[in-house]
Amino acid sequence: MGRFIMIDMTDRILFDETTQMVEIDFSGLTLGSSQIVNDVYDQIHAAIAASGEDKWFILLNVTGMRVDSFAWTSQSRRGKALTKAHSQGSVKLDDSDITRKELARTAGTDAFNPNLFAGRDAALARIASFPSQRVAKLDRTPQYDAAQISGRLTLTDTGRLAEIDLSGLTLRHSGDVDVVYGTIAMMLEETGQKWFFLINTEGLRVEQPAWLSQSRAAKRLRLSYALGQVGYGTAEPRDNAAQIVALHQPEPRDRRAALAELDAMRARVA
């Protein structure tokens, strides 16, 4: 059996993604106990969690709402917790004569509440004046797949050489990093041995959202599967939008010199 709900808030919690607003309708309700208050706010938090967004402008319609003395503490505590957790700006709508008189009496004084309204249009206008606090979500859908990356790893048993071709790739975010480095790591894992890496980074472009994940992925790949590593490729100037990642020292710059450096490295560890 489902949990008994004393006040069903299903039709009283309305989301508008266009305005980033959630309207919570308390109008006409009587919150007579802390149990009722907690049940109501539990439903509100569950609805916000299900929305997929954490921050909303909150419009509370409290017209005709009554909170009994036994529920005041719980109502105050849960209301503050809701605001702290999910509000990027909150207003109250109380379409009653008492509120209209209160607003008229306190207008221009320190007691005036700028977020209490007796009219819906004014309440909505106030919400529209608040700045959004949401952080834009980054689409991490990868632009590459394993089939496109698998051909970029060439293994040569002689000298245990693993050539990794990262040339011309653009890593925009962790989604691209996971596919590129994950595919290469999976193929190397299947060999059951470590290799000397020769990495072509010509024109490899790593945009800012991918910097950290790319750095970590490259380090994991090297520590897990490399006996030694040399890279080559012409670096480009770094700007605010992206960087060209050099997985090697400034020299060598071409494949022939890189192979010579790798041969010297192989001789040292032999």
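Against which helices and strands do the buried residues of H6 pack? I opened the notebook with this point, working on a predicted model in which local features need pLDDT of at least 70, side-chain atom pairs count only at pLDDT 80 or more, and totals for chains, interfaces and linings use all residues. Residues are numbered from 1 along each chain as its sequence is written, and side-chain values use heavy atoms, with hydrogens and water left out.

**Entry 1: helix H6**

I noted that the buried residues of H6 pack against helix H5 (146-150), strands S8 (153-156), S9 (161-165), S10 (170-171) and S11 (195-200), and helix H7 (211-225). Contact here means heavy atoms within 4.5 Å. Helices (H or I, at least four residues) and strands (E, at least two) are DSSP runs, numbered from the N terminus. H6 covers residues 174-191, and its 18 residues reach 26 Å from first to last C-alpha, close to the 26 Å expected at 1.5 Å a residue; the expected span is 1.5 Å times one less than the number of residues. I listed its buried residues, among them Val177, Tyr181, Ile184 and Leu188. Buried means under 20% relative accessible area, exposed over 50%, and partly exposed in between (1.4 Å probe, protein chains only). Just after H6, I found Gly192 with a positive phi of about 75°.

**Entry 2: the sheet S8-S9-S11-S13**

I traced an open sheet of four strands in the order S8-S9-S11-S13, with mixed pairing. Its edge strands, S8 and S13 (226-232), each pair on one side only. The twist averages 20° from one strand to the next. Two strands pair if DSSP finds at least two bridges between them. S8 and S9 run antiparallel and are joined by four bridges; Leu153 stands opposite Ile164 in S9.

I then looked up the helices on this sheet. H7 lies across S9, S11 and S13, at about 135° to S13. Helix H8 (residues 255-269) also packs on the sheet, touching S9, S11 and S13, and its direction makes about 160° with that of S13. Axes are lines fitted to C-alpha atoms, for helices over the stretch in contact, and angles run from 0 to 180 degrees between N-to-C directions.

**Entry 3: strand S4**

In S4 (residues 56-61), I counted six of six residues as buried. Trp56, Ile58 and Leu60 point one way, while Phe57, Leu59 and Asn61 point the other. S4 pairs in the parallel sense with S2 (residues 21-25) over five bridges, where Met21 has Phe57 as its partner. Five bridges also join S4 to S6 (residues 87-93), again parallel, with Lys92 as the partner of Leu60.
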